[in-house]
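Colleague: I am new to this one. Can you put it up and walk me through it?

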Amino acid sequence: MIKVIHVISDTNIGGAGTVLLTTLRNIDRSRFDVKVVLPYGSKLIPRIDALGFTYICTNGGADKSFDLGAISEYTKIFKTEKPDIVHTHAAFSARLSAFLAGVKVRIHTRHSTFAPRKILTRFPLRNICGFINNTLSTQMIAVSESTKENLTAMGANPKKIEVVINGAEPLREVSDDEAGELRNTLGISEGDFVVGMSARLEEVKGHIYLIEAAKILRDRGMENLKVLIIGTGATEQMLKEKTEELGLSDRVIFAGFVGDVAPYIKVMDVIINCSFGTEATSMALIEAMSLAKPAIATNYGGNSFIIENDKNGYIIPQKSAPNLADSIEKIMSNPGKLADMSKFAYSKYICRLTGKIMTGRVEKIYEDGYNQRCQK
């Protein structure tokens, strides 16, 4: 059996934590003995425990990729546990510790996309960054092609990088009665067309462009559009004030934090992604596809892989409310197109984007690394 230790520094449950939980749910326990190292107090702990996996808590490393004080903790754990593989998620200190502890297979997943500063893509810093990544990691996983491009731009060896698109567990089935009750609670009428976003209310998520698109469509006379926004965050007050300023309070619904998003996604006709920063692969888009929801998404990060233009949605330029409005109108005015996109969305999810498919690709990386480095 191959011994694997995952290391994550998150204390909240974000994208990396969600991917980790999905991997744990689907991994073959007959072939892999998996443990998780994470900080005390992490909200991931109860969920990892519920899945039946052993976890080891650290005092250091909480919400920090590099924490000098955590290096000795991680190194001690690795020397004690003697894993065949250490798989890190944004925990640079753990990568360094795995190298120092002599772990033979060291895998690092990059979960985000961001354009590196130009100074990091030029000599000498590009060479330094590349040397560090290539030395500490025997293999790197990029969650999108754009993430791989970011890594190679900073000197990472492309031969060491495997693109593994995130997979997601399907959202639970929601009955028509439950969805109908939620529509009534939210003030959504039977004939309303609902578009929505499920994302932290942060500037880079681009909610403002959805609100501006709603204003454009109202001015075009499209009276039956409703906008459903799920989440909380730093821009919440600004977005609410902008909604009121534009006279859209009867059209834009702020649902706040939602523990179970399934019924909210169910009432949407189309899910929206307006991101223009950090996001590599949108879990919200993939989860919505499990309920056969098409999407309109920006051309940022990995969105263009998940959404095939004119098949299961539309890809639009970043920061463009007019383009978003045009795409919403195209779907609203063509129910047949909406039905075709819904079918394609579900088919693509089942064939390419489930948690089991993603985990299978990760398992193959584990086995290849183990066979190459631990069986010698």
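Colleague: What volume does the largest cavity have?

Modeller: The largest cavity has a volume of about 80 Å³. This is a predicted model, where local features need pLDDT of at least 70 and side-chain atom pairs count only at pLDDT 80 or more, while totals for chains, interfaces and linings use all residues. Residues are numbered from 1 along each chain as its sequence is written, and side-chain values use heavy atoms, with hydrogens and water left out.

Colleague: What counts as a cavity?

Modeller: A set of points, on a 1 Å grid over the protein atoms alone, where a 1.4 Å probe fits but cannot get out; lining residues have an atom within 4 Å of a point. Volume is the space filled by probe spheres set on the points, which are joined across faces, edges and corners.

Colleague: Which residues line the largest cavity?

Modeller: Among them are His 87, His 89, His 111, Asn 166 and Met 358. Elements giving two or more residues to that lining are α1 (15–26), β4 (85–89) and α15 (355–373). Helices (H or I, at least four residues) and strands (E, at least two) are DSSP runs, numbered from the N terminus.

Colleague: And what lines the second largest cavity?

Modeller: Its lining includes Tyr 209, Cys 274 and Lys 319. The space in that cavity is about 30 Å³.

Colleague: Which ring pairs with Tyr 209?

Modeller: Phe 276, edge-to-face, at 6.3 Å centre to centre and 80 degrees between the planes. Rings of Phe, Tyr and Trp (its six-membered ring) pair with centres within 6.5 Å, and edge-to-face means planes over 60 degrees apart. Tyr 209 is in helix α8 and Phe 276 in the loop between β12 and β13, so the pair ties together parts 67 residues apart in sequence.

Colleague: What lies over the face of Phe 276?

Modeller: Lys 319, at 4.5 Å from the ring centre. The rule asks for NZ of Lys or CZ of Arg within 6 Å of the ring centre and within 35 degrees of the ring normal.

Colleague: Changing topic, how many salt bridges are there?

Modeller: The search finds 20, each a side-chain nitrogen of Lys or Arg within 4 Å of a carboxyl oxygen of Asp or Glu. One of them joins Arg 31 and Glu 363, with the closest N and O atoms 3.0 Å apart. Arg 31 lies in the loop between α1 and β2 and Glu 363 in helix α15, so parts 332 residues apart in sequence are tied together.

Colleague: Is Glu 363 buried or exposed?

Modeller: Glu 363 is buried, at 9% relative accessibility, whereas Arg 31 is partly exposed at 30%. Buried means under 20% relative accessible area, exposed over 50%, and partly exposed in between (1.4 Å probe, protein chains only).

Notes: Phe/Tyr/Trp six-rings, centres within 6.5 Å; stacked < 30°, edge-to-face > 60°. 1 Å grid on protein atoms, 1.4 Å probe; cavity = no way out; pocket = protein on both sides within 12 Å on 5 of 7 lines; lining within 4 Å.
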